[in-house]
Each structure stands twice: as structure tokens, then as C-alpha cells.
Amino acid sequence: MTAKENARKETALHAEHAKLGASFTDFGGWDMPLKYQSELAEHHAVRQSAGLFDLSHMGEIWVRGPQAAAFLDYALVGNLSAIAVGKAKYSLICTPEGGIIDDLISYRRAEDTYLVVPNAGNADAVYAAFVERAEGFYVELDNVSAQTALIALQGPESERVLLKLVPAEQANAVRELKYYAATEVTVAGLPVLLARTGYTGEDGFELYLDNTEAAQLWNALLTGDEAVTPCGLASRDSLRLEAAMPLYGNELGLEENPFEAGLGPVVSLPPAKTAKESDFVGKEALAKIKADRAHGGKHGQRVLVGLRGEGRRAARGHYPVLFHGETVGEVTSGQPSPTLGYPVALAYVSVEHSEPGTELEVDLRGKAEPFTVVALPFYKRTV
């Protein structure tokens, strides 16, 4: 192993992954399991039963204080003060120019307390932005990323598996937990923050706890039921792509804005006549972008779309998207869909070629292959 590889950060579960024979890869500076045996089997396990993921590379930032809600309303682009205690909200943190620093989830744990979860490679950047934007607000920021483990149990069997490890008196709390909500429970004798969230398109849970107890929880979940399969980043990527969930660095970045990424509803830009006007970093730039897109016509604008391959070859990131031989966009993510049986891709294309049913092509290393614009997501669970 090279010195550079040795410099990768490791989660508290790294030794457990090594015991399971995981193949590792660099992800945002972390040495993470790519797969254990078969990424295809891991993908199907999540769709059909339950998969277990180590997400401990993600960041965790506590925001506390009497102005916690007002601070997050200003620091992020969404109306975080509107979240009820116990609920969660997906949002974005943007630059003053409207570029996307990160997409993240915020959990409101009390009237004056939130847990904000940024992506692994962006945790430091988000915390730095929070520190800068907190000036003038009565809030306390606590970056506990280095002490916190995050384990995800995803798939249709997740609730059943979890209930085997939860005290009987807390069973209803698990059963009644809604999507994008969180509660504190005991799992395998350990106190965890349990959230009904995920990145796979399936029902499932994300469990937050201290690093020192991560291995005990991981092994209890993994060995407590034969339905559970350990899963790595490869299957996580194919699962999130089928569910059309954006990945920072692919679909999202400083060069993208929320409106072209299809995330306009996340931005709190109320009509001018409403009583309450929001104020947040990037508001002026995003309001102008939104107005320009509404009144400037389709020319020169792009939007994120889904593409279905009509052949067997898959598109990959950065491959050109063509219309009658002319480049009209670029693929951001693409691979064969294990669930659907055909290639799928996300791509930014010019607005005039973005309607579902539009026939396009993707340049697959010198050969143009047919793809069709389709509605998103590619896959949606039925129960």
C-alpha cells in the first residue's frame, strides 16, 4: 500500500469490513468498502430483503441555541424553522453566487437543537461555512463527525430485522416512525438516534451512535437475521441511481444551481406578496437565476434528466449526449440497472431536449448509442 493510501481515513468499522473480506476504495479521503463479494448480489439484497451499510464517513454537526432555527434558515436555502421537532428536511447549502456547496439532511431534535448531516467529502467545508455564517446568531456549533458512527439498514425487511433488536416497549415507536423522521431508541442494548431515511429508494433506517459502540451494533444487525447482507459503495451507487438521487460531485457541485438540478422546490423563495420573506445566503443570486429561467426562454439553459438506454451498453459519467450528431448535454452518472435490466443514466441536457420521450444518443467512446429521456425516478418501490 502506498503512503497516499495509508493516509486515507478509516471509520470505526474498518476492521469489521476487513474481517468480511471487503474490497476497499478511496471515497472522499476515506478508505471505504466498495463491495464484499458481489456488488450485484448486494444490490438485489437491498431491493429484496435488507442490506447493511457503513456510512460513518458522513459528517454530523449539532446546532444548538435559541436562534438555531433562524441560523439554519439563513445558512441553508430551505425553511428549516418550519420543521416539527422529531422531523427531518432535505436541503442545500449554497454559495452567495448560488452554487451548491453540499446537499444535506437536518434533523430537528428539540425547539433549539438540530443535527445537520453533510456528505463525507464536504463536512469540513460545510462546518467552515457554518462558522462564518453563525456570526451575529446566538448559536453553538459542535462538529462531532469524528466521534459519530452512522450505520444504514435498508430494504423491505429492515423494520422486521430492527424490531428483533429493540425492546418490546419501543417496538411501536419503530413501527410508527414516518419517513424523514427520527427518534431515540435502544438497539441491541445500545442507545441510538434512529432515522427513517436512506439513499437507496427502499424503506430503511439510519442509526447514529458513538464510534466506540459501532462494531457491537454492526455485528448485532449483521448476525441477528439471515436476511441482512453487508453492502459497499458500489451497490449504494447503483441503488441511488435507480432512485434518481443526486450524488455530490456528479449531479451536484459548485458549478450547478438548484434549479437546473431539479431541486428548485428545496429553495425557500416565497412569492413577493407573502407576509414572511426568507433571507439566506445565496437568495439574491438564486432569485435571479429562477427569474431568468422563467423569462429567458429555453435557449442556453440545461436541466437534469433521466435517460434509458435502448441498447445494452451503458453510458458513463462525462460521456457526451447528442441530438442529430450535435452535443446537447453530458452524462453525470450511468450504469446498467440491475433491477430494471437496461442501462440508465442521469445527464444535464439543454432544456429544449429534456421532455420525456425525446430520442437522444450518447457517445459511447466513439459510437453513438440510442437513449430516450424518461421521467424520474427510474425505480420507485410499490410498498
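## Cavities and pockets

Colleague: How much space lies in the largest cavity?

Modeller: This is a predicted model, where local features need pLDDT of at least 70, side-chain atom pairs count only at pLDDT 80 or more, and totals for chains, interfaces and linings use all residues. Residues are numbered from 1 along each chain as its sequence is written, and side-chain values use heavy atoms, without hydrogens and water. On a 1 Å grid over the protein atoms alone, a cavity is a set of points where a 1.4 Å probe fits but cannot get out; points join across faces, edges and corners, and the volume is the space filled by probe spheres set on them. For the largest cavity that comes to about 40 Å³.

Colleague: Which strand and helix each supply at least two residues of its lining?

Modeller: Lining residues have an atom within 4 Å of a point, and here they include Phe-53, Asp-54, Leu-233 and Arg-236. Helices (H or I, at least four residues) and strands (E, at least two) are DSSP runs, numbered from the N terminus. The two you want are strand 3 (50-54) and helix 9 (233-242).

Colleague: Which element gives the most to the lining of the largest pocket?

Modeller: A pocket is an open set with protein on both sides within 12 Å along at least five of seven lines. The largest pocket holds about 1400 Å³, and of its 50 lining residues, Asp-103, Gly-198, Tyr-199, Met-245 and Pro-246 are the closest to its centre. Strand 1 (23-27) and strand 14 (302-309) are among the elements giving two or more residues, but the top contributor, with 4 residues, is helix 9.
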